[in-house]
Structure formats: C-alpha cells, structure tokens
Amino acid sequence: MVEPLHDRFGATISGIDLRTVTEGHLYPEIRAAFEEHSLLLFRDQQLDNASHTHLASLFGPLENREQIAGNDEPFSVSTVSNVTDDGSLLTTDALTLIDLTANMLWHTDSTFLPVPALVNLLAAAVVPSSGGQTEFCTTRAAFGDLAPGRQAEVRRLFAVHQLTHSREQIDSRLTELDYVSRWPDRAWRTVWRNPTNGREAIYIASHAYTIEGMDRAAGEQFVGELLEHCTQPAYRYSHEWTVGDVIIWDERAVLHRGRPWPYDEPRTLNSICCSVTELDGLASVRPPTGP
Ligand SMILES: [Fe+2]
C-alpha cells in the first residue's frame with residue numbers, strides 16, 4: 001500500500017519486506033514509486049548488511065569512495081553514527097563527530113565526486129531517546145514554484161561543488177583531512193530533469209560554493225538564495241526515526257540534513273549510496289567542458 005507522506009512529496013509503502021525484493025520481484029514497482037514520489041519510507045524492516053547491500057545494488061553501482069579515490073578497498077556499508085569500532089561513544093571534541101555535524105547542513109550526497117549519488121538507502125539501527133531526525137526538502141516542488149523566468153535562469157547555470165566548502169563552514173580543521181580535501185571541484189547543472197517523467201528539480205548542496213561564470217561572492221549568494229528557497233518549511237519533511245525504518249530518496253530531487261541528538265547516547269543509521277548512470281540523466285547535468 002502506498003500512502004502520501006507529505007503534501008508535496010514522499011510516500012509510505014507498507015506490506016513489503018525489503019529482504020524479499022529482487023530485480024524481478026517488487027523492484028520495478030519500488031523504482032516507479034521512487035521516480036514519482038522522490039522519497040519512500042518503509043517501516044518495521046529487518047535489513048542486515050547483506051540484504052541492505054543487495055537492495056541498494058538494484059538501483060545502480062554501489063558507491064565506494066575509497067575505490068573512486070584509487071584505493072583498493074572493498075565496499076562496506078557506511079554508518080552515520082557516534083559509536084566507534086570498539087563500542088565506545090565519540091566525545092564532542094572528536095573530529096569525526098564534528099565531521100558528522102557537517103551533515104547537518106542542507107546537502108545532496110556526493111556532488112563532489114566524479115559521479116554523484118542517485119539514491120541513499122538509510123536504515124535506522126540504533127536511535128536515541130530524542131533528536132537525531134533527518135529532514136528532507138523537495139527541490140522538485142521548489143523548482144515548480146519558481147517564476148518561469150527564474151526557472152529558465154536556473155536551468156542554464158552550473159554550480160561548482162567542493163567538499164571542503166561545506167566542511168570549512170563547520171570547522172576549518174576538517175578541510176585538512178585527506179578524505180575531505182582529496183576531491184577537486186565538480187560542476188553540475190543546477191536543475192536535474194528526471195528522464196523518466198520529465199520533472200525538473202533544483203540540484204544544489206552545501207558543497208556548492210559558486211556558480212560558473214559569476215564572481216565568487218555573487219555565485220555564493222546565488223547558491224545561498226537557492227538553498228534558502230528550497231528549504232522553506234512548506235517543502236520540508238522531518239523524519240523521527242524508529243528502529244527498522246528505511247528511507248530511500250532521490251538525490252536528484254531532494255535535499256537533506258541531519259539533526260543533533262544527545263551525544264551521550266548511541267545513534268546509528270546505516271547508509272548506502274548508489275551512483276547515477278547515464279540512464280538517470282547524468283549527461284544532462286554535466287557542463288559542456290567537463291568534468
Ligand atoms: Fe547526507
């Protein structure tokens with residue numbers, strides 16, 4: 001059963017055990033709902049890493065940042081968590097916890113990679129007693145509400161993305177970390193047209209620091225205004241996590257951010273991103289000169 005989650009986007013899908021989904025069984029329906037609603041919520045799921053990975057692999061190539069950076073490391077499920085490998089909790093002065101707080105800026109995942117993300121499949125494993133919500137905004141509705149002249153302007157521009165830009169807004173020490181500084185500038189069109197249904201969405205992130213062809217200050221202001229427009233309360237859904245929740249969202253049409261929680265409590269969300277492919281409209285957002 002598919003029920004609306006928010007009046008502008010999103011759907012709750014019930015009656016499905018995501019462990020049973022295969023390419024031929026339920027995936028076509030889930031993929032169609034993903035293209036239509038941009039964000040899908042499934043409750044009471046029991047994904048382990050293997051079934052989570054299998055489900056993600058149906059959407060596209062599994063994103064492995066180490067491999068993209070040239071390191072020979074196998075794929076592993078990412079965690080958004082304050083729990084370390086030995087089970088202890090990160091302290092609030094730990095740089096990795098400070099890095100987590102950078103996820104609390106509105107963003108789209110992986111816009112600083114050579115190929116950005118199509119989708120994130122986020123599954124709640126451990127939730128705190130309060131806080132830790134993930135918030136989402138529909139940039140499809142935000143684009144649709146722009147005046148036609150503004151739509152035409154946004155459609156022809158390219159934003160320049162760099163991971164250091166979002167990190168330096170939080171703590172300049174983060175920009176010195178290799179896994180932050182190793183990605184060069186990437187430019188993407190500020191509108192992504194969904195090739196399945198033709199719907200357009202603003203494509204922007206906190207990683208974007210300017211617009212091609214503008215001076216830095218004007219570009220930064222333009223990006224700021226777009227982000228402000230997209231993240232108005234009318235476009236926003238805030239999700240309170242319950243263990244077993246799985247949210248699958250379209251990175252081409254949704255902005256998201258994390259919210260803080262009491263860091264003396266553990267919180268773990270398991271996350272897998274898949275990269276876009278040409279079938280998802282990648283060529284339409286590449287600037288004519290690269291990347
Ligand atoms: Fe994210």
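User: Where is Tyr-237 found?

Analyst: In this predicted model, Tyr-237 is found in strand E12, residues 236-239.

User: Why is Tyr-237 called buried?

Analyst: Count the neighbours. Tyr-237 has 22 other C-beta atoms within 10 Å. The cut-off for buried is 20 or more. The count meets that cut-off, so Tyr-237 is buried.

User: Which residues does Tyr-237 touch?

Analyst: Leaving out residues up to four places away in sequence, Tyr-237 touches Leu-5, His-6, Gly-10 and Phe-136.

User: What makes E5 and E13 a pair?

Analyst: Pairing needs at least two bridges. Five bridges join strand E5 (residues 117-126) to strand E13 (residues 246-250). They therefore pair, and they run antiparallel. Val-119 stands opposite Asp-250 in E13, and Ala-123 stands opposite Val-246.

User: How many bridges join E5 to E15?

Analyst: Eight, and these strands also run antiparallel. Val-126 stands opposite Thr-268 in E15.

User: Which strands form the open sheet, and in what order?

Analyst: Seven strands form it, in the order E1-E2-E3-E13-E5-E15-E4, with mixed pairing.

User: Why are E1 and E4 called edge strands?

Analyst: Strand E1 (2-4) and strand E4 (78-81) each pair on one side only. From one strand to the next, the twist averages 25°.

User: Which helices pack on or lie across these strands?

Analyst: Helix H1 (residues 27-37) packs on the sheet. It touches E1, strand E2 (11-13), strand E3 (39-42) and E13, and its direction makes about 130° with that of E3. Helix H2 (residues 49-57) lies across E5 and strand E15 (268-275), running at about 30° to E15.

User: What makes E5 largely enclosed?

Analyst: Nine of its ten residues are buried, so the rest of the structure largely encloses E5.

User: Which residues have the most contacts inside the largest nonpolar core?

Analyst: That core has 63 residues. Those with the most contacts inside it are Val-119, Leu-121, Ala-159, Ile-202, Ile-204 and Cys-230. E5 gives the most to this core, with eight residues. Take Ala-159: its contacts include Trp-188, Ile-204 and Val-223.

User: Why do the buried residues of H9 line one face?

Analyst: Phe-222, Val-223, Leu-226, Leu-227 and Cys-230 are buried in H9. Seen down the helix axis, the buried residues fall within an arc of 130°, so they line one face. On the other side, Ala-217, Ala-218, Glu-225 and Glu-228 are exposed.

User: What covers the buried residues of H9?

Analyst: The cover includes strand E6 (134-138), helix H5 (139-144), strand E7 (158-161), strand E10 (200-202), strand E11 (208-211) and strand E14 (254-258).

User: How do you know that E14 is largely enclosed?

Analyst: Four of the five residues of E14 are buried, so the rest of the structure largely encloses this strand.

User: What makes E6 and E14 a pair?

Analyst: Five bridges join them. At least two are needed, so E6 and E14 pair. They run antiparallel, and Thr-134 stands opposite Gly-258 in E14.

Technical notes:
Residues numbered from 1 in each chain as written. Predicted model: local features only at pLDDT ≥ 70, side-chain atom pairs only at ≥ 80, totals over all residues. Helix = DSSP H or I, 4+ residues; strand = E, 2+ residues; numbered from the N terminus. Axes fitted to C-alpha atoms, helices over the stretch in contact; angles between N-to-C directions. Contact = placed C-beta atoms within 7 Å. Core = buried A, V, L, I, M, F, W, Y, C linked by C-beta atoms within 7 Å. Buried ≥ 20, exposed ≤ 12 C-beta atoms within 10 Å, placed from the backbone. Arc of directions from axis to C-beta.
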